[in-house]
Amino acid sequence: MARLNVNGVVREVDAEPDTPLLWVIREQIGLTGTKYGCGIAQCGACTVHIDGAAVRACSLPLSAVEPGQKIVTIEGLAPGADHPVQQAWAELDVPQCGFCQPGMIMASAALLAQNPRPSEAEIRQEITNICRCGTYNRVLAGIKRAAERGQSG
Ligand code: FES
Ligand code: FES
């Protein structure tokens, strides 16, 4: 058994210590917004925040989560799904199929929390998530829009 703080709620989970956090989140806790893409830390579909940092949950064993760490998934990013990144995404119709987008949004939100006005080069360097639909240009525009929103509000 392990205790995890996910989206502000402490949950008891029963999984082997080497179980990837992604599967604990999806199958035990039932939060399916966090997606499985590659399973080898390459695509970013499984991105969650741990103490504010973007982490690829497919490649993090449950045992690596330390007691007291705060995990946030796409479902818990903002009440009403109104984080500046989510607002910018809606305004610019960033998603296409949508599968990669929870990870894109979580990675983008973590970047802006650390660096509220990233340059385009910094965005390209930091956001390495893969999108099969090729939404990269809209993701870039969305992050810039969210940065503007964050400054104004
Ligand atoms: S599923 Fe985790 S990085 Fe691809
Ligand atoms: S929107 Fe389809 S994979 Fe990114």
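**Figure 1. Helix α2 and the residue that follows it.** In this predicted model, helix α2 is followed by D93, whose phi is positive, near 50°. The helix spans residues 84-92, and its buried residues are V85, Q86, A88 and W89. Seen down the axis of α2, these residues fall within an arc of 160°, so they line one face of the helix. The arc is taken from the directions that lead from the helix axis to the C-beta atoms. An α-helix has 3.6 residues a turn, so residues three or four places apart point the same way. Helices (H or I, at least four residues) and strands (E, at least two) are DSSP runs numbered from the N terminus. Buried denotes under 20% relative accessible area, exposed over 50%, and partly exposed the range in between (1.4 Å probe, protein chains only).

Residues are numbered from 1 along each chain as its sequence is written, and chains are lettered from A and ligands numbered from 1 in the order in which they are written. Because the model is predicted, local features need pLDDT of at least 70 and side-chain atom pairs count only at pLDDT 80 or more, while totals for chains, interfaces and linings use all residues; side-chain values use heavy atoms, with hydrogens and water left out.

Figure 2. H83 is found between β5 (70-72) and α2. With a relative accessibility of 19%, H83 counts as buried. Its side chain reaches the backbone nitrogen of V85 at 2.9 Å. A polar contact is a pair of N or O atoms within 3.5 Å; within protein, one atom must be able to donate a hydrogen and the other to accept it, and residues adjacent in sequence count only if both atoms are side-chain atoms. When residues up to four places away in sequence are not counted, H83 touches L77, A78 and A109. Contact means heavy atoms within 4.5 Å.

**Figure 3. The largest nonpolar core and a second, separate one.** A nonpolar core is a set of buried Ala, Val, Leu, Ile, Met, Phe, Trp, Tyr and Cys residues joined through side-chain atoms within 4.5 Å. The largest has 22 residues, of which V85, W89, M104, I127 and I143 touch the most other members. Helices α2, α3 (101-114) and α5 (136-152) each supply at least two residues of this core, and α3 gives the most, with seven. Residues up to four places away in sequence aside, V85 touches I105, S108, A109, L112 and A146. A second, separate core of 19 residues includes I29, C46, I50 and I71. In soluble globular proteins, nonpolar side chains tend to be buried together.

**Figure 4. Strand β3 and its two partners.** In strand β3 (residues 47-50), T47 and H49 point one way and V48 and I50 the other way, and all are buried. Strands β3 and β4 (residues 53-56) run antiparallel and are joined by four bridges; two strands pair if DSSP finds at least two bridges between them. V48 has V55 of β4 as its bridge partner. The hairpin of β3 and β4 has two residues between the strands, and D51 takes a positive phi near 50° there. Strand β3 also pairs with β5 in the antiparallel sense, over two bridges, and the bridge partner of H49 in β5 is V72.

Figure 5. T19 lies in the loop between β2 (9-13) and α1 (21-28) and is buried, with a relative accessible area of 18%. A polar atom of the T19 side chain lies 2.8 Å from the backbone oxygen of E16. Neighbours within four places in sequence aside, T19 is in contact with V24, L60, P61 and L62. In α1, the buried residues are L21, L22, V24 and I25, and they pack against β1 (2-6), β2, β3 and β5. The helix is followed by G30, whose phi is positive, near 85°.

**Figure 6. Y36, between α1 and β3.** Y36 is found in the loop that joins these two elements and is partly exposed, with a relative accessible area of 38%. Apart from neighbours within four places in sequence, Y36 is in contact with L22, W23 and F99. The C-alpha atoms of Y36 and E148, 112 residues apart along the chain, are separated by 31 Å.

**Figure 7. Two cysteines, C46 and C97.** C46 counts as buried, at 2% relative accessibility, whereas C97 is exposed, with a relative accessible area of 57%. With a disulfide defined as a pair of cysteine sulfur atoms within 2.5 Å, the count comes to zero.
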